[in-house]
Amino acid sequence: MVRCELKKRIEKWFDRDYRETFMERINLVMEAEQLYRHEKEGLAYGHTLAHILESISQPLEDSELLAGAVAMRIPTEEEERTIREVYKRWWDIPVEERHKKIFFYYSENWLRCRPYWFPSFGHLALDWEGLLSNGLGRMEFKARERMKDENLTEDQKGFLEGTVLCYQAISAYIERYAQTAEKKGRSGMAEDLRQIAYGEARTFAQALQLLWMIILIAQKVCGCGVLNLSRMDQYLYPFYERDLGEGRLTNEKARELIDEFFFKNNEIMVQTDHMSIETDSTDYTLEVAFDDPNYLILAGKKADGTGGVNPLTWLMVESAEELKLRNPFVVVRYYHGIPTKFWQLVCNAMRNNATIVIYNDETMLPALKHYGVEAPEVFDYGFYGCNDPNIPGDEGGLRQLWFNLVKPLELALNQGDYPMEPREKSSPRDCQFGPEDRMTGLMTGAYYGIKCKAPEEIRSMEELLEVYEEQLMYLLGEFRKGFEMDFEAEQKETKSRMRIEDCFLRGTIDNAQTWTMGGTKYHKIVAQGCGIATVINALYAIEKLVFTDKEFTLRELSDILRDNYSGNDMLALRLRKKLDKFGNDIDAVDKYAKIVTDLYVRGIEKYNGKDYLYQMWPTYSTDRDFTTMGRYVGATPDGRLAGEPISENQSPSEGSDISGITAMLNSVSKIPFDRITGGPLNLRLHPSAVQGDEGLNALCALFQTYMENGGMQLQINVVDAETLRNAQCDPEKYKTLCVRVTGYSAFFVEMGRKAQDELIARTEQMV
Amino acid sequence: MKGRVFNIQRFSVHDGPGIRTTVFFKGCNLRCQWCHNPESYETGIQLEYFADKCVGCRACEEVCPQGARIQDGRRIHRQGCTLCGKCAEACMYGAIAIAGWDLEPETLLETVLKDKKYYINSGGGITLSGGEPMLQWEFLSEFLPLVKENGISVALDTAGNVPYWKYEKLFPYLDFILLDIKIMDDTLHRQYTGVSNKLILENAKRFIEQGIRMHIRIPLIKGINDTIENAGQLAYFLGDAPNVEEVRLLPYHTLGVRKAQSLELPVCEFSPPEAHTMEQLREIFGDKGVC
C-alpha cells in the first residue's frame with residue numbers, strides 16, 4: 001500500500017500549475033554565462049554547475065523519505081519575457097551556426113532551455129553500479145589521478161578538471177543537504193546524506209538516496225533527461241538482502257522507499273506531453289526536464305544465464321502497479337522459463353494500465369550481439385526514451401535516424417524522383433539529408449534517389465525488390481555521409497566540451513575523453529525503421545496487381561500513384577478495403593516482413609563496420625512521427641493517398657488487422673526480430689476482453705505465446721474509446737488516466753487534442 | 001465432405017476456458033427470438049444487407065447480373081439473387097456480405113492450427129458453435145479426428161436439440177460440452193424458441209450420467225426467463241452433478257438486432273435482466289454460478 005502521506009503529495013502534484021518553473025536554475029545559469037563563458041570549456045562547465053548547486057535552495061518536506069527537491073514557482077510575466085529573450089539569443093541562430101554549438105538535438109523543445117556551454121540531452125544510462133560502489137569521493141580521486149598523466153593534451157586536462165569540479169560541487173551540495181536535514185530534525189536522513197556525499201552507499205536507503213541526488217542534478221539542473229535507470233532490481237539487490245539480513249530493513253520499508261523514489265522521478269517532470277507541441281503547457285515550458293520518462297529495467301536473464309526475478313523485482317512491479325504514474329516507464333524483460341506467478345503479476349499490472357511494457361530477451365540478446373555488443377554487458381541491456389536500446393554506462397547519448405522505409409519504394413517506382421516535388425524544380429544538393437534533418441534524425445521534405453530502371457523495365461517482384469534495395473542503400477549511404485561530416489566537425493569544434501554524464505560513464509575518465517569524442521566502449525545510432533506495415537502492404541499490392549493478376553503494368557500503376565489516384569478513387573478504395581493486409585496472419589502478405597527486414601538490415605550492415613565509430617542499430621519504431629513522415633510520401637500501392645500517415649511503430653496499417661489479435665501477433669512475429677534492437681507494438685484491448693481470472697489467464701498466455709513465437713515487445717492500453725471520450729469532456733475527473741502513447745506514457749488529459757483523437761480512433765477498432 | 005460456417009473467430013475468450021478459436025456453423029433447429037446470430041438460422045448461404053453502412057454508391061447494382069436494386073437506401077431487392085457474391089465483392093463499405101461459406105475439413109484444420117500455441121499456453125482450444133453445429137455432425141466426425149491428432153482441446157457449444165446417438169458418435173473427440181438450457185417450462189420454451197425442450201433436457205440428463213465435462217449456459221432475457229423459478233428448476237434439475245463445472249449466466253445483448261435487419265427477419269428487441277437480478281440468479285447456482 002502506498003503511504004497516506006505520499007498519496008497526498010501525489011494528489012497535490014496532479015493539481016500543480018504547468019507554469020511552475022525552477023527559476024533559481026535559470027537565474028543562476030544567466031549569471032554563470034557572464035562569469036564563466038570565457039573560460040576553457042571543461043572549467044566553464046564545472047564552474048557553472050558549482051555556481052548553481054551552491055546557491056539553489058533545498059526544500060525538504062517532513063513526509064519525504066528521500067531528500068532532494070528544488071523550489072518551483074510561477075515566473076512573473078516580466079521574468080518570462082527576459083528568459084525567452086535569452087533563450088532566443090542562445091539558439092535562434094542560423095542552422096550553420098547552431099551546428100557548431102550542438103550537433104544533435106532531436107527537437108526545438110529540447111534545445112531551447114539549454115545553455116550552449118552547458119548542454120546535455122541525456123538519453124542514456126549512467127554507470128549506476130559504479131556510482132554506488134565507488135561513491136563520489138573515489139570517483140573524484142580517480143579523475144585527479146588520471147590528470148597526473150603527462151601525456152594528456154590540454155583538452156584532455158581541461159575535461160578532467162571539469163569532471164573534478166563537478167564531483168566536488170555535487171558532494172558539497174549533498175553535504176549541505178545533510179545540514180538541511182539535520183536542522184529539520186531528520187538525523188537518520190542526515191547521516192545517510194553525509195555518508196554518500198563522498199562515500200559509497202552502504203544501505204538500501206543510502207543507495208536510493210545517492211541515485212536520487214545524481215538523477216535530480218543530472219536531470220533538473222543539467223538537462224540530462226530520459227535516463228535508463230537500468231536494472232535496479234539487480235544492482236540494488238545486494239543492499240536489500242544485506243539490510244534485511246541485518247535487520248535494518250523490512251519489506252514494507254523497502255516498498256515505501258521505492259514508492260518515494262518512483263514518485264520523485266515524476267515530481268520533477270513538467271506537466272506536459274512533449275510530443276503534443278501544440279498544447280499550451282508544452283509550448284510554455286521553460287524547464288529542461290520534460291515529461292519524457294526514465295526507464296526502469298526489471299527481470300531478464302543474468303550474465304550467468306539464470307533468471308533475474310527476485311523479491312525486489314516483485315516490489316517494484318507492485319509499486320508501479322499501484323502508483324500508475326508515467327514515470328518510471330517499466331520494462332519487464334521476458335525470458336523462457338520466467339516464473340509463472342511473476343508473469344501473472346506483470347500481466348495483471350499491465351491489464352490495470354500500469355506503465356509496464358514487455359521486452360523479449362530471446363530476441364534482444366541475439367540482436368544486440370549481432371551488432372557487436374559483447375557479454376557480459378549485453379545482459380544488462382535496457383532502453384530509454386522512445387524504446388531505444390541501451391547498454392548502461394557504456395554509451396553516450398542518443399544519435400538517431402528515423403528511416404522512412406516507404407521512401408525507397410516511392411523512389412524505386414519513379415526512377416529516383418519524388419512526385420510531390422519533382423527533381424527538376426529543386427536545386428542540387430551535396431547530401432539528401434539536409435543539416436536540419438541530420439540534427440533531428442527525422443526525414444522531412446523532398447528526398448531524391450538514384451536513377452534506376454524505369455517501371456516498364458522492372459519485370460518481376462525480384463527485380464522490383466532489387467531496385468528498392470538500391471534506393472534504400474543509397475539513402476542509408478547518404479545518411480552515413482552526412483553523419484560522418486557532422487561528426488568530423490563535432491570533433492573539431494567541441495574537443496573538451498563535457499557534459500555531466502561524462503562524470504558517470506565507464507571509459508570517459510580512463511580514456512580522458514568525453515563520450516562525444518569516443519570515450520565509451522559503444523557508440524550507436526538508433527536507426528528506427530518507419531512504416532514497416534505500409535511497405536509490406538504496398539509490396540504485396542504490387543505483386544498481386546501487377547505480377548499475379550496482371551491488372552496493371554507497373555508503369556500504369558506508378559502513373560496512377562504519381563497522380564495520387566486522381567480519377568481512380570474507387571481503385572484506391574478497393575486497394576485499401578479489399579486487398580489482403582499485413583496483420584491477418586496471411587503468409588502471402590506477411591512474407592514481406594522478413595524480406596523488407598532483411599534488406600533493411602543488409603543496408604545497415606553495409607554502412608556499419610570498422611570504418612565508423614558510430615554503429616547503426618536498427619529498430620522498428622515511429623514514435624508519434626508516423627503522421628509527419630507520411631506527409632512527405634506520395635500515394636502508395638496499398639491505397640494510401642499522398643500525405644496520409646504511414647503505419648505506426650510495428651502495428652498493421654490503421655484498421656487493417658481484422659482477424660483477431662492472435663492473427664495480428666502471428667503476423668508481427670514473422671518479422672525476424674533477432675536482428676532488430678527495439679521499438680514498440682501498441683495493443684489496445686477492450687476491458688471486457690481481459691476481465692476476471694479467465695481474462696488474466698488469457699492475457700498471460702497471449703503475451704507468453706507472442707514472446708515464444710519470436711515477438712520482441714508489447715505494450716497495452718486497456719481502456720475503451722468511450723472512457724477516453726468522457727475524459728476529453730471532463731478532464732478534471734480523468735486527470736490521473738495514464739495511457740501509453742509510444743515510447744512513453746502520458747496523462748491523457750495533458751495530451752493535445754490531435755494526439756487524443758488519434759488514440760481514440762485507434763482504440764475504437766479494437767477487440 | 002464440406003462444412004458450412006459463417007464465422008471463425010480467433011482469440012475467443014468467452015466460449016470456454018483459455019484462448020480459443022470459435023467456429024460458427026450455419027444452420028439451427030431452434031428459433032430463439034433473442035438470437036444474437038440470426039444469420040445462423042438457415043442452412044443455406046444468405047445475402048446480408050447492412051443499411052447503416054450503405055453510402056448509396058450503387059456499385060452493387062452495377063455488378064449484379066440479376067439487376068438488383070437498393071430501395072430507399074434501406075433494403076436490397078433480392079428477387080432472382082443467385083448468391084454469386086459479386087455485390088459483396090464490389091461493396092467497399094461492408095454494407096453487403098455473404099453469410100456462409102463451405103470448406104473442407106483440412107482447410108478448417110489449417111486455420112484453427114494457426115493459434116495452437118495460444119491454446120496450449122492458455123488451456124484453450126477450439127469451440128464448435130453456431131447455429132447448431134450438431135446439424136453438421138457428419139462433417140464434424142471427419143473434422144474432429146484431425147483436430148485431436150494435433151492434440152487440441154475441443155468444446156461443443158450446442159442447444160441440445162439433436163438425437164443423442166449423434167452426440168455419442170462425437171464423444172471420443174469432445175473434451176467438454178457447453179450446453180444451452182434456455183427455459184425450463186416447456187410451454188414458454190416452445191413459445192420463444194419454436195421447439196419443445198424435451199429432447200434438450202433428456203440429452204442433458206444423459207450427458208450428466210455419462211460424466212462428460214459440461215458448462216451450462218443460460219441466455220437471460222428480462223421478463224422471460226430471468227425468474228427465480230426458472231433458475232431454481234434448472235438448479236434442481238442439475239443437482240450436484242460434479243461434471244457440471246459451471247453455470248454461466250449470459251445477459252441478453254442487442255448485437256443480433258442489426259444482423260436480423262440485414263436479413264429482413266422480424267426483429268424482436270428484448271432487455272437484459274437488472275444487475276441485482278443477475279446477482280440473485282447467480283447465487284442460486286452457488287459456487288458454479290458465473291456472470
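**View 1. A:Asn682 stands opposite A:Gln715 in E11(A).** The model here is a predicted one, so local features need pLDDT of at least 70, side-chain atom pairs count only at pLDDT 80 or more, and totals for chains, interfaces and linings use all residues. Residues are numbered from 1 along each chain as its sequence is written, chains are lettered from A in the order in which they are written, and side-chain values use heavy atoms, leaving out hydrogens and water. E10(A) pairs with E11(A), residues 713-718, in the parallel sense over four bridges. Strands are DSSP runs of E with at least two residues, and helices are runs of H or I with at least four, numbered from the N terminus; two strands pair if DSSP finds at least two bridges between them.

**View 2. Here's the open sheet of six strands in chain A.** Its order is E1-E2-E3-E4-E11-E10, with mixed pairing. The edges are E1 (228-230) and E10 (682-685) of chain A, each pairing on one side only.

**View 3. Now for the place where chain B meets chain A.** In contact (heavy atoms within 4.5 Å) are 19 residues of chain B and 25 of chain A. Together the two chains bury about 2000 Å², counted as accessible area (1.4 Å probe) lost on being put together, summed over both. On the chain B side, B:Phe11, B:Met92 and B:Tyr118 lose the most area to chain A.

**View 4. A:Asp585 and B:Lys114 form a salt bridge.** Their closest N and O atoms are 3.8 Å apart; the rule asks for a side-chain nitrogen of Lys or Arg within 4 Å of a carboxyl oxygen of Asp or Glu.
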